[in-house]
Amino acid sequence: MPEGDTLRRLAAKVSERFLGETVQSSVFRHPRLATADLSGAVLTSVDSTGKHLLCRFDNGTTMHLHLLMQGRVRVSPVLSVPEWRRRFEIRFETGIMTGVDIPLLHLIDTTREHHFTGHLGPDLCGPYDHEAAISRLSGAGETHLSAALLDQKILAGFGNIYAVETPFICGLSPFTPVASIDDVGPIVSIGAALIRTNAARGPQNTTGRRLNTPDQWVLPSRIGLCKLCGTKITRLNGSSTPWQRRTAWCPSCQPESATRVDLKRASKLLALHPARRLLSSDSLELEADTSLRVETNLSRYRT
């Protein structure tokens, strides 16, 4: 499932391509939207909130969509897939925006956007209240750490990459109950620094190595041994975890008994990553200005 950083970059990409253009014609292949027509409307804003994409038009309509696991949005015609999979095609003055296999698609009054996003926690890639995020995660009780990181009502934007990689960097088991963790602040700070940095510069990289590639510590299935200690990585598929998502961890680096973020370890693992610049040198507290949404640099890495 695309995560908050991917949606932030997608919003920037659509905006860069079509913002300010008038819709020439539109087709929606969904029974509920079969008669909808955006012709004549001007695209005035493209934004993301968590994993939700919001395309706003000057006629007071917002096109809201969520990609879930299978959806794709392209700023070009996609003629290689059947029409029934092209859930919408919007022709602008300079090109076509196509939605393929979009599972959740709505045309709503812009004033009603909160009905779709109002339940979300602080948006990690948007204007972001860090203290509120820490407070929400602190209140997750006996929920497993990875499950809490995936809960969009707690933190909006994290997906499975960050729910697996952040505990590894912190030296905590993904199964650790949040209530047993001494201080969740560094977890939120590290995760927020990673996702905001990746949203700004490109691929979902958590290692700081090969920065122009989606390089990660433990999640990819090709990784058999821990990159730090050589222990065999333990893996579970989605049907075997309480939060119904696949996970991976190093039983040596992430012992079930650990209840405190290993700041020395985290600092070492983040040493090469640009996200380190957003964190304090000792406590790894988030020091970045989060009052504005992340500004992406699409020229660095085209999504």
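Q: Contact means heavy atoms within 4.5 Å, so which residues does T197 touch, not counting residues up to four places away in sequence?
A: T197 touches G202, H273, P274, A275 and L278. This is a predicted model, where local features need pLDDT of at least 70, side-chain atom pairs count only at pLDDT 80 or more, and totals for chains, interfaces and linings use all residues. Residues are numbered from 1 along each chain as its sequence is written, and side-chain values use heavy atoms, with hydrogens and water left out.

Q: Is T197 buried or exposed, and how do you know?
A: T197 has a relative accessible area of 9%. Buried means under 20%, exposed over 50%, and partly exposed in between (1.4 Å probe, protein chains only), so T197 goes down as buried. T197 lies in helix α6, a helix being a DSSP run of H or I with at least four residues and a strand a run of E with at least two, numbered from the N terminus.

Q: T197 also lines the second largest pocket; which other residues do?
A: R196, A200, R201, P274, R277, L278, A288, D289, L292, R293 and V294 line it along with T197. To count as lining, a residue needs an atom within 4 Å of a pocket point, on a 1 Å grid over the protein atoms alone; a pocket is an open set of points where a 1.4 Å probe fits, with protein on both sides within 12 Å along at least five of seven lines.

Q: How much space does that pocket hold, and how does its lining divide?
A: About 210 Å³ of space lies in the second largest pocket. Its lining has 6 nonpolar, 1 polar and 5 charged residues. R196 and D289 belong to the charged group, because Asp, Glu, Lys and Arg count as charged.

Q: What makes the buried residues of α3 line one face of the helix?
A: In helix α3 (residues 130-138), the buried ones are H130, A133, I134 and L137. Look down the axis of α3 and these buried residues fall within an arc of 100 degrees, so they line one face. The arc is taken from the directions from the helix axis to the C-beta atoms. As for partners, the buried residues of α3 pack against α4 (145-150) and α6 (185-201).

Q: What makes D129 a cap for the N-terminal end of α3?
A: A side-chain oxygen of D129 lies 3.3 Å from the backbone nitrogen of E131. A polar contact is a pair of N or O atoms within 3.5 Å, one able to donate a hydrogen and the other to accept it; residues adjacent in sequence count only if both atoms are side-chain atoms.

Q: Which backbone atom does the side chain of S189 reach?
A: A polar atom of the S189 side chain lies 3.2 Å from the backbone nitrogen of L286. S189 is in helix α6, and at 2% relative accessibility it counts as buried. Leaving aside neighbours within four places in sequence, S189 is in contact with H130, L279, L284, E285 and L286.

Q: What stands out about L284 and L68?
A: Most residues other than glycine have a negative phi. L284 has a positive phi, near 60 degrees, and L68 has a positive one of about 45 degrees. L284, in the segment after α7 (263-269), is buried at 0% relative accessibility. L68, in the loop between β4 (61-66) and β5 (72-74), is partly exposed at 27%.

Note on methods:
Contact means heavy atoms within 4.5 Å. Grid points are joined across faces, edges and corners, and a volume is the space filled by probe spheres set on the points.
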